[in-house]
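Subject: Handing over the structure

Hi,

Here is the structure I promised to pass on to you. Have a look at it first, and then read on for what turned up.

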Amino acid sequence: MEILSLPENEPFITGIEESIDICSNQIMKLADASIFHCRSGKAHIEIDLQAYEVTENTQLLLLPGSIFNCTCASHDFTVSYIVFSDTLFWEITSRLDPSFFHFLKEHPCIVIPEERVKPFIGLSLVMKDLYEDRDNSFRIQIFKNFIQNFILDFYDKTQHLFLQKKTEGINRQEEIFKRFIQLIHKHCTTQREVSFYAAELFITPRYLSTIVQNVSGNTAKSIIDRHVILEIKALLQSTSLSIQEISNRLSFPDQSFFWPLFQETYRQIPSSIPKPVLKQKKLLSIKKAAFSCLYRVNNYSANLLSEPSTLIILCL
């Protein structure tokens, strides 16, 4: 999955009809933007918890901060791609309507008609030549111009889709739920209480909980926690951060608050990543978290020590 991350000191990379191995079943949070076009084969991927099937002529436009996982891919899976830094992405798209980014967040995979394939192939060829033309004094500016033209054209061709979605077939509760999910994507690393999101939406926590239950069948808190768990999994699998560092990055007051979510994440780690390796790597931090939990046990229910999950902590 190296092509999803830029090499050091590279503002962009490109590839044309490459057979790539992105199916590591390893969740990662993308630091950069990327455009992919499937040329052959198929793959099953997850983007921000949503599952998609990628087939021939599927185009992916992934925003910085997206959480990506490929669960399986066929042996003949090939793509053309352009990956570029988040700084370039925001410079290129700074004047686009915010609704465009909401549309991309909800629809990162689009099967494009045959007549739209040639423009991307042409762009890929030009980007490949530009990538190799390292002596060009205007290399970055030329890249920005080409990508901006491509995204503006994509914006024009898909504009009717998201404008239509804004005005058709969505009731008040669904609109609030969509805004709730958008807020979670933006704030879940620092805010985990339903009351915060209710305040942002100018409604009461009880009303927000009712809406989320009606629309999704899940509680608002469980959806928030699910996104936080996804962030933890991405950090565990794609960084060398300790438990303490992850806890700090996600703004937990101390590790005893972080630990229940870590336990859930630990149970969900794919079998392709050996848990004994993670245990050894994180052992010191895990012990500290266990002691922290035990220290605070009197502040919780007396039943805590009878929970199987607590016994797992002690066994670690």
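Which residues of α7 are buried? They are Leu208, Ile211 and Val212, where buried stands for under 20% relative accessible area, exposed for over 50% and partly exposed for anything in between (1.4 Å probe, protein chains only). These residues cover an arc of only 95 degrees around the axis, which puts them on the same side of α7; the arc is that of the directions from the helix axis to the C-beta atoms.

Before the rest, a word on the basis. This is a predicted model, in which local features need pLDDT of at least 70 and side-chain atom pairs count only at pLDDT 80 or more, while totals for chains, interfaces and linings use all residues. Residues are numbered from 1 along each chain as its sequence is written, and side-chain values use heavy atoms, with hydrogens and water left out. Helices (H or I, at least four residues) and strands (E, at least two) are DSSP runs, numbered from the N terminus.

Back to the helices. Helix α7 takes in residues 205–216, 12 residues in total. From its first C-alpha to its last it reaches 16 Å, close to the 16 Å expected at 1.5 Å a residue; the expected span is 1.5 Å times one less than the number of residues. Gly217 follows α7 and has a positive phi, near 80 degrees.

Helix α3 (residues 117–132) has 16 residues and reaches 23 Å, close to the expected 22 Å. Its buried residues are Val117, Phe120, Leu123, Ser124, Met127, Leu130 and Tyr131. Seen down the axis of α3, they fall within an arc of 150 degrees, so they line one face of the helix. On the other side of α3, Lys118, Asp129 and Glu132 are exposed. As background, an α-helix has 3.6 residues a turn, so residues three or four places apart point the same way.

Next, the sheet. It is open and antiparallel, with 4 strands in the order β2-β7-β4-β5; two strands pair if DSSP finds at least two bridges between them. β2 (28–29) and β5 (50–54) stand at the edges with a single partner strand each, so one side of each is left without a neighbour in the sheet. β2 pairs with β7 (residues 67–73) over 2 bridges, and Lys29 has Ile67 in β7 as its bridge partner.

Finally, Glu193 sits in the loop between α5 (172–187) and α6 (194–200). Glu193 is partly exposed, at 48% relative accessible area. Leaving aside residues up to four places away in sequence, Glu193 touches Lys221 and Ile224, a contact being heavy atoms within 4.5 Å.

Enjoy exploring!
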